[in-house]
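User: I am new to this structure and would like a close look at its charged side chains and the places around them. Please treat the matter as one connected account.

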Amino acid sequence: MVYFSRKRRNSAKKQSCETVLCNPHSRNLSDTVLNMPRIIEKCLGDAALYGLAASYIACSGFTSRYHYDAASRLAEQVKMKKHWNDLVISAAPFIEFLERDRYFDSAYFGDRSGKLIIEDASLAFNYASDESFDNFDGWETVTDSDAVFPDSFEWSSWVSHNLRKNNYFSFESKDFCNADGKWAQGGVCLLRELMSRDIKIILNCYSNDFFPNIWRDILNVYLNNGFPCGWDGRYPDGKLVVFSNNPID
């Protein structure tokens, strides 16, 4: 009985949306279109119904450029919402890590092959920040140069939009178990800055369904409670530097 009751309520909501949205001469059409993302999410909630209402808007015979532009903005928001929902599913392991209350609360427990594990924060900081190329390749060059990502790789604006919207899963407010304190210099924490960058890049990799080798390794380090922070050697020869916030047995 509850199921059919909800089904009837949703059907009524659909009809209500259709009545307003398919009437291009409605006096309240402009306000309805501009506020539709908020209205639909509040009243319907379900992503499928959200998309249905957007379709009604797109098919309506708008009488002005103003209406058309408003509908176009809504269609883009619907597209962004769908992409983000799909991404949250595919990136579930990483998002579960981000949603933890505490980071780096134990020693790195992942695979050690091909990695230089460092417990000294000052040494790890040097690997992360030294771009002189005197003794090893700079970390930013290894991970974020044009050569790392193919031309077909798409940097999605909706990833950045949703990260700003949820404040990067509120990672800044989490307990870093003093790992951030060890990395703080001059009032700035490089660990937090790099982690913010890494979150955006990793989610873009999920969005593209493509991980360069270095970013696959970076992801796995995070998932195993380490902080990827440098490259020891001349990439691709050498080792990935991993900071462990606690001693490894």
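**Charged pairs and their surroundings**

At 44% relative accessibility, R102 counts as partly exposed, the class between buried (under 20% relative accessible area) and exposed (over 50%), judged with a 1.4 Å probe and protein chains only. The model is a predicted one, in which local features need pLDDT of at least 70 and side-chain atom pairs count only at pLDDT 80 or more, while totals for chains, interfaces and linings use all residues. Residues are numbered from 1 along each chain as its sequence is written, and side-chain values use heavy atoms, with hydrogens and water left out.

The partner of R102 is D175, and their side chains form a salt bridge with 3.5 Å from N to O. A salt bridge here is a side-chain nitrogen of Lys or Arg within 4 Å of a carboxyl oxygen of Asp or Glu. D175 sits in the loop between α9 (167-170) and α10 (179-183), and R102 in the loop between α5 (92-98) and β1 (115-118), so the pair ties together parts that are 73 residues apart in sequence. Helices (H or I, at least four residues) and strands (E, at least two) are DSSP runs numbered from the N terminus. D175 is also partly exposed, with a relative accessible area of 37%.

In the whole structure, a search finds six salt bridges. Another of them joins D137 and R234, whose closest N and O atoms are 3.2 Å apart. D137 belongs to the loop between α6 (121-129) and α7, and R234 to the loop between β4 (227-232) and β5, so this pair ties together parts that are 97 residues apart in sequence. With 13% relative accessibility D137 counts as buried, whereas R234, at 37%, counts as partly exposed. The loop between β4 and β5 also holds P236. The peptide bond leading from Y235 to P236 is cis, with omega near 5°. Most residues other than glycine have a negative phi, and most peptide bonds are trans.

The C-alpha atoms of M195 and F171 are 9.1 Å apart, although 24 residues separate them along the chain.

E131, E140, D144, D146 and D151 gather in a patch of negative charge on the surface. E140 is part of helix α7 (residues 139-144). Patch members have over 30% relative accessible area and no salt bridge, with like charges joined within 9 Å and nonpolar side chains (Val, Leu, Ile, Met, Phe, Trp, Tyr) within 5 Å. Asp and Glu count as negative and Lys and Arg as positive, with His and the chain ends not counted.

N245 is buried at a relative accessible area of 6% and lies in the segment after β5 (239-243). S244 has its place in that segment after β5 too, and is buried at 1% relative accessibility. A polar atom of the S244 side chain lies 2.6 Å from the backbone oxygen of N246.

Some backbone details complete the account. F169, in helix α9, has a positive phi near 55° although it is not glycine, and is buried with a relative accessible area of 12%. N225 likewise has a positive phi, of about 70°, without being a glycine. N225 is placed in the loop between α12 (213-223) and β4 and is buried, with a relative accessible area of 2%.

Note on methods
Accessible areas come from the Shrake-Rupley method with a 1.4 Å probe; for residues, only the protein chains shown count as cover. The place of a charge is taken as NZ of Lys, CZ of Arg, CG of Asp or CD of Glu. A polar contact is a pair of N or O atoms within 3.5 Å; within protein, one must be able to donate a hydrogen and the other to accept it, and residues adjacent in sequence count only if both atoms are side-chain atoms.
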